[in-house]
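Open the model in your viewer and keep the selection tool at hand. Each stop on this tour tells you what to pick next and what is there.

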Amino acid sequence: MKELRETSSLTDLSDTYLKLLYSFVTTQRLRTKSVKSDIEAGEEFLKEGVEDDLEHGRYEDKITWTDDLTDEEKKEQLVDGNLLGIHHQHLVRGIFGFIGLSDLSAVMLRNTTSREFVVSDAPVIHDNIRFKQVWGPGTIGLANRGLQIFCPIGPHRVLLLYDPAVYRFDCNSKQQVVLEETEVVNEVNLLQFHNADSIIMFNSCSEEYVSGLLDRMGEARRRDKRTEELETEKDLSFETEYAPHQQAPGISPDLPSCTVYSETGFETQRGSCRVEEHTRLVHSIFQEAVFSDVSVIYAIRFLCDLLDLDGCDRVLRSDQDS
């Protein structure tokens, strides 16, 4: 990150560096408190399934219990293990997220105003300026046509990844889009209020300025409720209403030098997105490693080999020894 802040041009970055940067972006997106809350919201459904498995002895040949536990304690441990496994799968998906983003282009939003960029505890923002008004706030998946991803880099820089089939930026020779209007900086900052769980952090801008943004939070923050039909293992179905944390924000920054191609149609999966390759790799790593926590270590080792990162094995061995 220090190198990126000091680099004058994105064109100076190697292909390996960019892949590692994209991996950082997707991993940050999947390690937030809101993602954890969404995963843990399924705890009751997991309990029902685990309880049914225990009653029918489906774990007898697969688990050796080292402690004398009651059935309730066994159920709790199995549910906790399943929830942790989902967390680990999210991390592995994030580690290899650069595969699914390989078709996106990048510019650096360079803030030259007297205001600074702020950052939240959920800093990576997904937006879809082109399609969210028609197709709804759920059009921000990694594979969706029209995706934009904002990632804060520092008080004066925000990395923007975007779908080049939908947007074009007239950037300078350093792949920068220079922001000279304070209101545009405010709009970029409001995206952080949309995504935040509970914290907004800032460098040297005034608390009064941040409080002013807080008063405008309603412009950007979106928590629309939606109804989803869920099926149980007993072939019963029911509807549940909830508000996903990961939705497109209520507003989008009016970025200068941006052209939107209105003739491009919406696709849930961009033809140029390597999402199947990404999914197959994550699945194969979990099959190879067997245990979910081992899968994370295995994924990092595989990433090091894939990107030929020097010193990675040494760091991992040091971590394991400690």
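**First stop: a pair of charges**

Select Arg 168 and Asp 170: they form a salt bridge, with the closest N and O atoms 2.3 Å apart. Keep in mind that this is a predicted model. Arg 168 counts as partly exposed, at 35% relative accessibility. Asp 170 is partly exposed too, with a relative accessible area of 44%.

**Zoom out**

Now show the whole chain. Its secondary structure comes to 13 helices and 11 strands. The radius of gyration is 22 Å, close to the 20 Å that the globule rule gives for 322 residues, so the chain is as compact as a globular protein of that length. Along the principal axes, the C-alpha atoms fill a box of roughly 65 × 50 × 45 Å.

The chain exposes about 17,500 Å². Carbon and sulfur atoms supply 47% of that area. Of the 322 residues, 43% count as buried.

How much of the contact count comes from residues 24 or more positions apart? Among contacts with a separation of 6 or more, such residues account for 74%.

**More salt bridges**

A search of the whole structure finds 10 salt bridges. Pick Asp 15 and Lys 19 next. Their side chains meet in a salt bridge of 3.2 Å, N to O. Both sit in helix H2, 4 residues apart, so about one helical turn separates them. Lys 19 is partly exposed, with a relative accessible area of 31%.

Then select Arg 270 and Asp 103. Here the closest N and O atoms of the salt bridge are 2.8 Å apart. This pair links distant parts of the chain, 167 residues apart. Arg 270 lies in the loop between strand E11 (258-260) and H11. Asp 103 lies in the loop between H6 and E1.

Are these two partners buried or exposed? Arg 270 counts as buried, at 1% relative accessibility. Asp 103 is also buried, with a relative accessible area of 14%. Both values fall under 20%, the cut-off for buried.

One more selection belongs here: Arg 145, Asp 163 and Glu 267. A network of salt bridges links them.

**Into the cores**

Hide the surface and show side chains. The largest nonpolar core has 33 residues. Start with the residues that have the most contacts inside this core: Leu 4, Val 92, Phe 96, Ile 149, Leu 159 and Leu 161. Several elements give two or more residues to the core. Among them are the helices H2, H5 (71-95) and H6 (97-100). Strands E1 (105-111), E4 (148-154) and E5 (157-162) are on the list as well. So are helices H11 (275-289) and H12 (292-307).

A second, separate core has 29 residues. To find this second core, select Phe 150, Val 177, Leu 179 and Phe 193, which are included in it.

Return to Phe 96. Which residues does Phe 96 contact, leaving aside neighbours within four places in sequence? They are His 278, Leu 281, Ile 285, Ala 299, Phe 302 and Leu 303.

Select Thr 27, in helix H2 (residues 15-29). Thr 27 is buried, with a relative accessible area of 16%. Residues up to four places away in sequence aside, Thr 27 touches Leu 91, Gly 94 and Ile 95.

Move to Leu 78, in helix H5. Leu 78 is buried, at a relative accessible area of 12%. Show what surrounds Leu 78: Val 50, Leu 54, Tyr 59, Ile 63 and Trp 65 touch it, not counting residues up to four places away in sequence. Now draw a C-alpha to C-alpha distance from Leu 78 to Glu 187. The two are 44 Å apart in space and 109 residues apart in sequence.

**Last stop: a nonpolar patch**

Bring the surface back. Select Val 290, Phe 291, Val 294 and Tyr 298, which form a nonpolar patch on the surface. Together they have about 380 Å² of accessible area. Where in the chain is Val 290 found? Val 290 is in the loop between H11 and H12. With a relative accessible area of 59%, Val 290 is exposed.

Methods: Residues are numbered from 1 along each chain as its sequence is written. This is a predicted model: local features need pLDDT of at least 70, side-chain atom pairs count only at pLDDT 80 or more; totals for chains, interfaces and linings use all residues. Side-chain values use heavy atoms; hydrogens and water are left out. Buried means under 20% relative accessible area, exposed over 50%, partly exposed in between (1.4 Å probe, protein chains only). Contact means heavy atoms within 4.5 Å. A nonpolar core is a set of buried Ala, Val, Leu, Ile, Met, Phe, Trp, Tyr and Cys residues joined through side-chain atoms within 4.5 Å. Patches are made of residues with over 30% relative accessible area and no salt bridge: like charges are joined within 9 Å, nonpolar side chains (Val, Leu, Ile, Met, Phe, Trp, Tyr) within 5 Å. Accessible areas come from the Shrake-Rupley method with a 1.4 Å probe; for residues, only the protein chains shown count as cover. A salt bridge is a side-chain nitrogen of Lys or Arg within 4 Å of a carboxyl oxygen of Asp or Glu. The radius of gyration is taken over C-alpha atoms; the globule rule is 2.2 Å times the number of residues to the power 0.38.
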